[in-house]
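Trainee: I would like to learn how to read a structure like this one. Could we go through it feature by feature?

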Number of protein chains: 2
Amino acid sequence: MKQTATPASDDGLKLSAWLPYRLFLVAAQVARPLESFYSETFGLSQAGWRILAVIAERDAANASEIGRACALDPFAVSRGIGQLTELGFAVRRPGKTDRRFAAVSITRSGRTAFNRIAALGSAIEARLLARLSEAERTILDSALTRLEGESARIDAGGWRALLDDAGAP
Amino acid sequence: MKQTATPASDDGLKLSAWLPYRLFLVAAQVARPLESFYSETFGLSQAGWRILAVIAERDAANASEIGRACALDPFAVSRGIGQLTELGFAVRRPGKTDRRFAAVSITRSGRTAFNRIAALGSAIEARLLARLSEAERTILDSALTRLEGESARIDAGGWRALLDDAGAP
DNA sequence: CACATATAATTGCAAAGTGCAAGCATTGAG
DNA sequence: CTCAATGCTTGCACTTTGCAATTATATGTG
């Protein structure tokens with residue numbers, strides 16, 4: 001007599017309830033409309049948009065700063081900057097003191113594009129925040145800060161470190 | 001006389017404080033070690049892992065159910081299932097009543113693999129949750145549920161709908 | 001100064017992943 | 001029986017990504 005008692009997983013991991021997947025899902029669903037906007041409108045890639053957002057809030061930045069600020073490896077940064085300069089949204093100027101560091105800055109038209117994308121981005125964020133109470137926003141903010149820190153450590157440690165943790169409690 | 005008053009963005013969007021980016025960042029950082037584990041160990045792709053997780057918690061599923069459950073389009077599902085069957089982690093059997101729906105189920109070795117990956121996944125989740133208080137976990141859980149719903153609506157509406165919202169308050 | 005070594009960034013290319021048109025198999029309506 | 005609809009798969013062009021090698025610049029050493 002087959003009962004539905006154990007159709008399921010031995011380990012208690014249910015994808016739809018697994019925190020990382022839930023975070024990913026919200027981020028992915030919300031990124032999609034934004035991405036189709038800036039790719040259709042400006043021909044911008046995801047890396048391009050992230051870099052644009054970074055240089056929009058700085059006078060000038062070199063590639064590694066940018067990479068650190070938006071979690072992109074040097075290759076992606078280099079290509080993204082290439083795209084932005086082709087579109088006329090950024091300029092590269094050789095660094096003043098050390099010319100290995102090229103200073104990347106946003107142009108006027110880059111800023112215009114950024115503002116248009118940012119308006120959409122802010123609208124999205126507003127829609128999300130509208131579903132939370134003031135108290136929840138505060139808690140989410142502080143919780144996310146800690147999760148960012150912990151996830152960075154998890155990433156840095158690699159998977160072997162994770163198993164060691166679990167193995168030696 | 002240049003002062004640092006406005007080196008920054010006109011619109012108030014700071015990438016590192018923008019909710020969708022923050023969610024993405026945690027999800028991405030935490031996914032990386034897991035991904036290198038299952039790809040090194042089993043040669044599994046991200047889609048493959050997601051599908052494996054879905055069929056681990058069901059007796060059998062057809063491709064569209066799987067797609068819905070893990071946010072994958074039909075092509076990706078089909079290829080993912082292909083990968084899983086090649087690895088011997090899943091089997092396809094023609095559906096009983098309607099043979100257009102092939103029933104996909106996990107195999108014994110698929111379950112073994114799943115359990116190993118899930119153990120890592122749970123360890124990651126535990127590390128994250130350890131940084132939150134009991135109260136915070138409860139709030140995060142309920143907040144995330146609402147964010148999932150809202151982000152799905154945002155995604156479904158597309159970017160034009162977003163601008164209409166903002167434009168006509 | 002010439003040279004080795006280090007660092008920042010870029011480029012070229014192969015491998016992997018993605019999107020989409022077309023295809024096959026099956027079903028159900030007329 | 002035929003034909004449109006459905007569920008899924010495949011082939012192929014296109015894009016993205018990962019990594020080795022390269023360029024350009026800077027710094028340390030005899």
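Trainee: How far apart do the end C-alpha atoms of residues 20–149 of chain A lie, and how much of the span is helix and how much strand?

Mentor: Some ground rules come before the answer. This is a predicted model, in which local features need pLDDT of at least 70 and side-chain atom pairs count only at pLDDT 80 or more, while totals for chains, interfaces and linings use all residues. Residues are numbered from 1 along each chain as its sequence is written, chains are lettered from A and ligands numbered from 1 in the order in which they are written, and side-chain values use heavy atoms, with hydrogens and water left out.

Mentor: Now the answer: the end C-alpha atoms of residues 20–149 of chain A are 14 Å apart, and the span is 72% helix and 8% strand. Helices (H or I, at least four residues) and strands (E, at least two) are DSSP runs, numbered from the N terminus. The UniProt record, an unreviewed entry, annotates residues 20–149 of chain A as "domain: HTH marR-type". UniProt positions are given in the numbering used here, feature names are shortened, and annotations may be inferred rather than shown by experiment.

Trainee: How are chain A and chain B related?

Mentor: Two copies of a chain are related by a rotation about an axis and a shift along it. Here a rotation of 180 degrees, with 0.0 Å of shift along its axis, superposes chain A on chain B with an RMSD of 0.1 Å. The two copies are thus related as by a two-fold rotation axis. The superposition is by least squares on the C-alpha atoms of residues with pLDDT of at least 70 in both copies.

Trainee: What area is buried between chain A and chain B?

Mentor: The size of an interface is often given as the accessible area lost when the parts come together. The buried area (accessible area, 1.4 Å probe, that two parts lose on being put together, summed over both) is about 7800 Å² between chain A and chain B, and carbon and sulfur atoms give 63% of that. In chain A, the residues that lose the most area to chain B are Arg22(A), Arg127(A) and Trp159(A), together 9% of what that side buries. The contact (heavy atoms within 4.5 Å) takes 79 residues from chain A and 79 residues from chain B. Of the interface residues of chain A, 100% are also interface residues in chain B, so the copies meet through the same surface.

Trainee: Which residue forms a salt bridge with Asp141(B)?

Mentor: The partner is Arg22(A), with the closest N and O atoms 2.7 Å apart. Asp141(B) lies in helix α6 (residues 134–167) of chain B and Arg22(A) in helix α1 (residues 19–42) of chain A, so the pair joins two chains. Buried means under 20% relative accessible area, exposed over 50%, and partly exposed in between (1.4 Å probe, protein chains only). Arg22(A) is buried at 8%, whereas Asp141(B) is partly exposed at 41%. Arg22(A) also meets Glu148(B) in a salt bridge (2.7 Å, N to O), and both of these residues are buried.

Trainee: Is Asp155(B), which forms a salt bridge with Arg32(A), buried or partly exposed?

Mentor: Asp155(B) counts as partly exposed, at 22% relative accessibility. Arg32(A) is also partly exposed, at 44%. The closest N and O atoms of the two are 2.8 Å apart.

Trainee: How is the aromatic pair of Phe42(B) and Phe89(B) described?

Mentor: A pair of aromatic rings is described by the distance of the centres and the angle of the planes. Rings of Phe, Tyr and Trp (its six-membered ring) pair if their centres lie within 6.5 Å; planes under 30 degrees apart count as stacked, over 60 as edge-to-face and the rest as tilted. The whole structure has 14 aromatic pairs over all chains. Phe42(B) and Phe89(B) form an edge-to-face pair, 5.8 Å centre to centre with 80 degrees between the planes. Phe42(B) is in helix α1 of chain B and Phe89(B) in the loop between α4 (74–86) and β1 (90–94), 47 residues apart. Both are buried.

Methods: Salt bridge = Lys/Arg side-chain N within 4 Å of Asp/Glu carboxyl O.
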